[in-house]
Amino acid sequence: MRDPRYDILFEPLQIGPVTARNRFYQVPHCNGGGYRDPSAAAAMRGVKSEGGWGVIFTEQCEMHHSSEITPFIELRLWEDRDMPMLARMAARMKDHGALAGIQLAYSGINGPNFYSREVPRAVSPGPILTFTNDPVQARALDKAEIADLRRWFVTAARRAQGAGFDLICLYGAHGFGIFQHFLSRATNHRDDEYGGSLENRSRFAREVVADIREAVGDTMGITMRVSLDETIGTLGFSNAELRDFIAMHHDLPDLWDLAHGTWEDCSGPSRFKEEAAQEVLVRGIRELSSRPVVGVGRFTSPDVMARMIRSGTLDAIGCARPSIADPFLPKKIEEGRIEDIRECIGCNICITGDMTMSPSRCTQNPTFMEEWRKGWHPERMNPKGPSRSVLVVGAGPAGLEATRALAERGYDVALAEAGTALGGRVARERLLPGLSAWGRVADYRAYQIGQKPNVEVYFDSALDAAGILEFGFEHVCLATGATWRRDGVARQHMVPFPINPAMPLYTPDDLMAGARPEGHVVVWDDDHYYMGGVLAELLVQAGARVTFVTSSAHVSDWTMNTLEQHSIQRRLIEMGVDLVLNRGVTAIGAAGVESNCSYTDARREIGCDAVVMVASRLAEDGLYRALAARWADWDAAGLRSVRVIGDAEAPGPIAWATYAGHRYARELDAADIGDALPFRRELAELAPE
Ligand code: ADP
Ligand code: SF4
């Protein structure tokens with residue numbers, strides 16, 4: 001069963017008056033569902049309880065209506081009526097023996113209060129520091145209001161206790177929680193006893209912990225999530241000052257939860273952050289306190305986790321993303337099934353759910369946030385239906401996930417791939433700068449498929465309609481992917497535009513196949529996700545001089561949602577890429593591109609030796625259309641259904657493809673639901689008029 005090297009991860013951990021069954025600690029994380037989708041969020045946490053986590057936290061819970069972060073959808077504990085929703089969440093967390101934790105957040109300088117319309121109150125006055133530069137300022141809390149705020153924390157703690165939680169986390173990291181705002185000189189300019197010296201800036205934290213301890217501390221553990229470093233030098237709450245703070249208040253909370261001072265730093269994608277990236281900032285802190293310490297670092301390797309504990313760096317392994325990608329991570333380690341772990345790839349698609357206020361998705365775990373909505377379980381498929389066999393065409397993320405999940409259900413599956421490797425787009429994209437972890441999408445599924453006696457994989461098998469009709473499969477699932485367009489059709493040009501064939505023109509597919517244009521290369525990005533930025537990096541590494549042209553004001557615009565836009569733009573600047581922002585491309589000539597201003601349409605020539613066009617993608621659905629056209633032959637061939645999924649249906653991020661594959665497998669042989677809604681949802685209860 002369990003490898004004894006990992007025994008240390010399964011030792012119980014005392015957190016104040018409560019004991020966690022092991023060292024697997026799911027730190028608070030958003031899910032895009034929050035108060036709008038409470039049962040979906042509760043069921044998602046419940047699956048983690050089943051998966052063996054010792055501690056499971058909610059996302060941030062706005063503990064008072066005078067500080068809220070609309071439009072972002074988190075939890076609320078504003079009045080007693082909020083308690084049943086939270087009680088359901090606590091109950092699901094505890095179903096299989098985890099401790100249930102709630103994160104209480106007062107957002108201060110980070111809460112624009114668009115919903116409540118209250119004037120934002122912060123430690124010191126200033127503009128609200130949101131992602132969206134909201135045109136709202138906060139005023140300072142006066143002393144009477146600080147007393148009110150202390151009382152509100154106590155009220156929230158009592159409600160949390162009433163809802164059945166075991167742990168309270170006081171939020172003071174990522175720039176979001178008021179405890180950080182008090183601690184940091186950047187956000188605390190007060191000249192009363194709450195400002196100035198570190199001792200004064202710590203006062204609020206000290207008072208709130210004492211208040212809550214008096215109110216509920218005999219039954220609940222109190223944890224404090226503090227910033228490891230605000231990364232703005234000595235003005236902010238630096239790592240050195242954090243150490244002084246902890247040394248000064250070594251027994252303040254029942255556990256220290258250490259996280260970076262900005263969310264972008266804490267949840268950096270794998271392109272910019274390795275596993276355990278915060279280790280240097282955390283090392284040595286445990287010795288300053290008599291309380292246990294938890295830290296995060298996109299931990300997916302049990303060896304790294306065990307090392308963190310054995311070396312005395314951490315007492316518990318904090319995970320958000322790894323627990324999303326694999327809610328059964330602890331159980332798999334416990335049962336000695338390391339190779340079954342579905343490792344997080346660090347793509348941050350989960351975070352885009354929060355940023356776009358939609359239920360979060362996970363590239364690796366398509367069941368995330370569908371546990372209640374669709375009844376999907378990450379480790380159990382629905383029983384097999386009456387059909388026997390399925391042919392899946394294409395071994396990209398969609399085809400691989402469909403194959404894995406169909407085989408899990410018990411179908412005989414043949415997977416035909418035109419190439420000689422599994423992975424489709426991830427087999428190619430994993431070779432691009434910084435994207436190697438994305439290969440885990442293929443690696444996990446390749447291993448799982450390899451364990452299944454009911455799957456046959458055929459390489460070098462570019463199938464056509466005639467061949468498929470000869471095979472005699474009952475169902476055909478086409479996951480044939482997409483190719484990058486060469487005609488520039490995307491957002492700026494909805495129809496093809498002038499391109500002189502004399503100009504060497506490359507698409508991302510060409511570069512991924514090994515082409516390396518030389519000299520001065522214009523990368524024109526009308527896709528706005530990661531590909532354009534990654535290719536600019538690749539070309540500079542290969543020795544080209546790169547000019548990056550985008551109609552947006554930012555490089556790789558959409559990666560704001562994956563918290564990496566800043567890092568991408570910074571990297572390109574540091575690599576010497578010439579950034580031409582707010583400009584599109586109107587024509588490609590023999591000696592350069594004609595570029596236009598996004599606002600005035602003013603034209604300008606940019607001379608170059610080659611152009612890399614990152615436009616949109618064209619679904620490879622020719623095989624689907626050919627089979628559909630031969631519909632009259634299906635019966636004789638024993639073929640009952642043909643479906644096209646993933647990028648071949650409509651190109652999108654990898655998470656969309658794994659979701660499509662999973663959904664196909666779940667729904668095969670399902671009863672036709674007609675026009676009914678294919679998921680459950682919750683509606684706001686109408687109040688009496
Ligand atoms: P998705 O993201 O939807 O999974 P990918 O582009 O990653 O799509 O993968 C599609 C895979 O399908 C590629 O590996 C490609 O080689 C394969 N493929 C495309 N057409 C055929 C075909 N006619 N027969 C077999 N395999 C195909
Ligand atoms: Fe990890 Fe990506 Fe899943 Fe988030 S979406 S948990 S980063 S694999």
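Which residues of β21 lie on one side and which on the other, and are they buried or exposed?

1. Strand β21. His520, Val522 and Trp524 lie on one side of β21, with Val521, Val523 and Asp525 on the other, and all are buried, so that both faces are covered. Buried means under 20% relative accessible area, exposed over 50%, and partly exposed in between, with a 1.4 Å probe and protein chains only. Since 6 of the 6 residues of β21 (residues 520–525) are buried, the strand is largely enclosed by the rest of the structure. Strands here are DSSP runs of E with at least two residues, and helices are runs of H or I with at least four, numbered from the N terminus.

2. Basis of the model. This is a predicted model, in which local features need pLDDT of at least 70 and side-chain atom pairs count only at pLDDT 80 or more, while totals for chains, interfaces and linings use all residues. Residues are numbered from 1 along each chain as its sequence is written, chains are lettered from A and ligands numbered from 1 in the order written, and side-chain values use heavy atoms, with hydrogens and water left out.

3. Pairing of β21. Strand β22 (residues 545–550) runs parallel to β21, joined to it by 6 bridges. Val521 has Val546 of β22 as its bridge partner. Two strands pair if DSSP finds at least two bridges between them.

4. A three-stranded sheet. An open sheet of 3 strands has mixed pairing and the order β7-β9-β8. β7 (121–122) and β8 (126–127) stand at the edges with a single partner strand each, so one side of each has no neighbour in the sheet. β7 pairs with β9 (residues 137–140) in the parallel sense over 2 bridges; Arg121 has Arg139 of β9 as its bridge partner.

5. Helix α10. In α10 (residues 302–310), the buried residues are Pro302, Val304, Met305, Ala306, Met308 and Ile309. These pack against β3 (24–26), α9 (279–282), β14 (316–319) and α12 (329–334), where contact means heavy atoms within 4.5 Å.

6. Ligand 1. Of the 22 residues around ligand 1, those that come nearest are Ala398, Glu417, Ala418, Arg425 and Asp647; a residue is near if one of its heavy atoms lies within 4 Å. A polar backbone atom of Pro397 is 3.1 Å from an oxygen atom of ligand 1, and one of Leu463 is 3.1 Å from a nitrogen atom of ligand 1. The protein buries 87% of the 580 Å² that ligand 1 exposes when taken alone, by the Shrake-Rupley method with a 1.4 Å probe.

Notes. A polar contact is a pair of N or O atoms within 3.5 Å; within protein, one must be able to donate a hydrogen and the other to accept it, and residues adjacent in sequence count only if both atoms are side-chain atoms.
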